[in-house]
Amino acid sequence: MNNYRIGERFLINEDKVVVYLGGNKFVAFERYCPHLRCDLFKYGVIIGDEVICQCHFTHFSLTDGKPIKGATNKPLRVYKVINEGETLKLL
Ligand code: FES
């Protein structure tokens, strides 16, 4: 059991965004969009298995970080999240 609310987001080391999806599921990705470095902590929206940067509407896969459509061909770094109870580990 954890104390996160579904959709809650927080930062790790100021440069990685973690979002709680419910159950034991989290997603994590780099904070700054690889296009023009918009802050995805503020401007990133998660829909399904994509995070969308609202600055220029690039869609990135949360599976492998590849841009699906939008303003850049550069991938977003995504992390695998391991929930160890008291701590989260990003790989
Ligand atoms: S800064 Fe994110 S799409 Fe342009």
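**View 1. Cys-53 sits in strand S5, which covers residues 50-53.** Strands here are DSSP runs of E with at least two residues, numbered from the N terminus. This is a predicted model, in which local features need pLDDT of at least 70, side-chain atom pairs count only at pLDDT 80 or more, and totals for chains, interfaces and linings use all residues. Residues are numbered from 1 along each chain as its sequence is written. Cys-53 is buried because 26 other C-beta atoms lie within 10 Å; buried means 20 or more such atoms within 10 Å of a residue's own C-beta, exposed means 12 or fewer, partly exposed is in between, and C-beta atoms are placed from the backbone.

**View 2. Here are the contacts of Cys-53.** Leaving out residues up to four places away in sequence, Cys-53 touches Cys-33, His-35, Cys-38, Leu-40, Tyr-43, Gly-44 and Thr-58. A contact means that two C-beta atoms, placed from the backbone, lie within 7 Å.

**View 3. Asn-13 lies in the loop between strand S1 (9-12) and strand S2 (16-22).** Its backbone is worth a look: Asn-13 has a positive phi, near 55°, and is not a glycine. Most residues other than glycine have a negative phi. Asn-13 is exposed, since 7 other C-beta atoms lie within 10 Å.

**View 4. Glu-14 is found in the loop between S1 and S2.** Glu-14 also is not a glycine, and its phi is positive, at about 65°. With 7 other C-beta atoms within 10 Å, Glu-14 is exposed.

Conventions: Helices (H or I, at least four residues) and strands (E, at least two) are DSSP runs, numbered from the N terminus.
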